[in-house]
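Open the structure in a viewer and keep the sequence panel beside it. This tour tells you what to select at each stop and what is there.

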Amino acid sequence: PYWPRRNSAIFLQSRHLAAMAASIKDGSDESVRSTLPVEGIRVAVIGMPGHGKSTFLNAMVNIRGEFPVGAGGRACTQEVITRDFALEVDGVEFQATLIDTMGFPDPDPKQAAARYDDVINCCNKPLNAIVWLVRCERELAGLVEQYKVLMREFNNANPPIIMVVNGTESYEDEDERRDKKESDLSASIQFGKDIAEAAGIRVLKIIPGAEKKDLKLNCKELSFSLIGTTPKGSAMKTFAQLKDQMQLNNDPEKIADLELQKMREQNGKVRKNIQALKDQVHELERKKRAKLGNIPFVGKLANEYFGPLIEHKQKDIQLLEEVLGQGEESFQTRFDLLVEAGQDIRRAFSRMKEALLGPNSRSKL
């Protein structure tokens, strides 16, 4: 099997977590979908068309075809699909609601603006986490940046946002996998950081992938991230509400104030992420004391693996605390930069609104 070097920073492929995954039995293929609404873990998956959202959800429940997948990587999900499951792993039963969303943002501005409300309304409902699945494609950063005015609204989501990177590498043999995979995983993490930055979103963590089959293992790491979470609702703005917010009449002070507000929302999301990690540490410590090593979608976890998981999450907390507030202080004293950033966002929003409502809509912004 592939192992990274001893000092590798790739937690997903570390010896500790790989050993954990190897010690856990796969979920049963006889998992039964409930016919009644269930309460428990609720996860929504968002991402662009054809990036693998449905494939990822199928891997989570270990039932092929439960969520329809488009042929040849084409977009398949045309509406929000909610599935309730009563699952059993290692003899432990739990309930889960998994939500597949339409592709967003869509390369077509008209589709992107129209689908934004559907995705936002879905993600405003109580969720344990929002999973943002992205496929490793070079042109994605530029496309996401065009929709920053919409994407950054996800900083107002109360549940954590976890990015999963769907890798596109295809190794010829095990020798090539051994030689290249570690660097490809590192590149995957950097890719995720660049996409999150382009979108203006502060994610809780990035789960990297180098090749398609990594999605299965990514599901396991996501399960560790769900420990200690509770469903939380949000009040993110719809497209119409954002349009009202953008009615600034070219007043530089109002434009600057709005951009500063958005920076504060980014830092607010970091604070929520820190609290989410602290809640997870608390729950892991509780499970360790009670010897309840049962992880949703994963199964039983040996007691000796709680220590490494807790230590890793504590390091994540330290990293987030270091970036908290970065950017806001420097921009507070640079009024011109705030105005410039705000005007760029307004122009992007104007182009999107024009695509949706027609050329006559431009004069109304």
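**Stop 1: Ser225**

Select Ser225, which lies in helix H7. Helices here are DSSP runs of H or I with at least four residues, strands are DSSP runs of E with at least two, and both are numbered from the N terminus. The model is a predicted one, in which local features need pLDDT of at least 70 and side-chain atom pairs count only at pLDDT 80 or more, while totals for chains, interfaces and linings use all residues. Residues are numbered from 1 along each chain as its sequence is written, and side-chain values use heavy atoms, with hydrogens and water left out.

Is Ser225 buried or exposed? Ser225 is buried, with a relative accessible area of 1%. Buried means under 20% relative accessible area, exposed means over 50%, and partly exposed is in between, with a 1.4 Å probe and protein chains only. Now show the contacts of Ser225, where contact means heavy atoms within 4.5 Å. Leaving aside neighbours within four places in sequence, Ser225 is in contact with Ile162, Lys205, Gln280 and Lys313.

**Stop 2: the whole chain**

Zoom out and colour by secondary structure. The chain has 12 helices and 9 strands. Of its 365 residues, 51% are buried. Among contacts between residues at least 6 apart in sequence, 79% join residues at least 24 apart.

**Stop 3: salt bridges**

Side chains of opposite charge can pair when their charged atoms come close. A salt bridge is counted when a side-chain nitrogen of Lys or Arg is within 4 Å of a carboxyl oxygen of Asp or Glu. The structure holds 14 salt bridges.

Select Lys205 again, this time with Glu221. They form a salt bridge, the closest N and O atoms being 2.9 Å apart. Lys205 is in strand S7 and Glu221 in helix H7, 16 residues apart, and the pair links distant parts of the chain. Both Lys205 and Glu221 are buried.

Next, select Glu211 and Lys181, whose side chains meet in a salt bridge (3.0 Å, N to O). Glu211 lies in the loop between strand S7 (205-207) and helix H7 (214-225), and Lys181 lies in helix H6 (residues 174-199), so the pair ties together parts that are 30 residues apart in sequence. Glu211 and Lys181 are both buried.

Then go to helix H9 (residues 252-290), where Lys262 and Glu265 are 3 residues apart, about one helical turn. Their side chains meet in a salt bridge (3.4 Å, N to O). Lys262 counts as buried at 5% relative accessibility, and Glu265 is buried with a relative accessible area of 13%.

**Stop 4: Val203**

Select Val203, in the loop between H6 and S7. Val203 counts as buried at 13% relative accessibility. Not counting residues up to four places away in sequence, Val203 touches Trp132, Ile161, Met163, Ala196 and Asn273. For a distance check, pick the C-alpha atoms of Val203 and Lys193, 10 residues apart along the chain; they are separated by 8.9 Å.

**Stop 5: nonpolar cores**

A nonpolar core is a set of buried Ala, Val, Leu, Ile, Met, Phe, Trp, Tyr and Cys residues joined through side-chain atoms within 4.5 Å. Which residues touch the most other members of the largest core? Of its 44 residues, they are Phe56, Met60, Leu98 and Phe297. A second, separate core of 43 residues includes Ile120, Trp132, Met246 and Ile345.

**Stop 6: a cavity and a cis bond**

A cavity is a set of points, on a 1 Å grid over the protein atoms alone, where a 1.4 Å probe fits but cannot get out; lining residues have an atom within 4 Å of a point. Grid points are joined across faces, edges and corners, and a volume is the space filled by probe spheres set on the points. By this rule there are 2 cavities of 30 Å³ or more.

Select Gly47, Met48, His51, Pro105, Trp132, Leu133, Val134, Leu140 and Val144, which line the second largest cavity. This cavity holds about 30 Å³ of space. Strand S5 gives the most to its lining, with 3 residues.

Last, select Pro105, in the loop between strand S4 (92-100) and helix H3 (109-123). A cis peptide bond joins Phe104 and Pro105, with omega about -5°. Most peptide bonds are trans.

Terms used: 1 Å grid on protein atoms, 1.4 Å probe; cavity = no way out; pocket = protein on both sides within 12 Å on 5 of 7 lines; lining within 4 Å.
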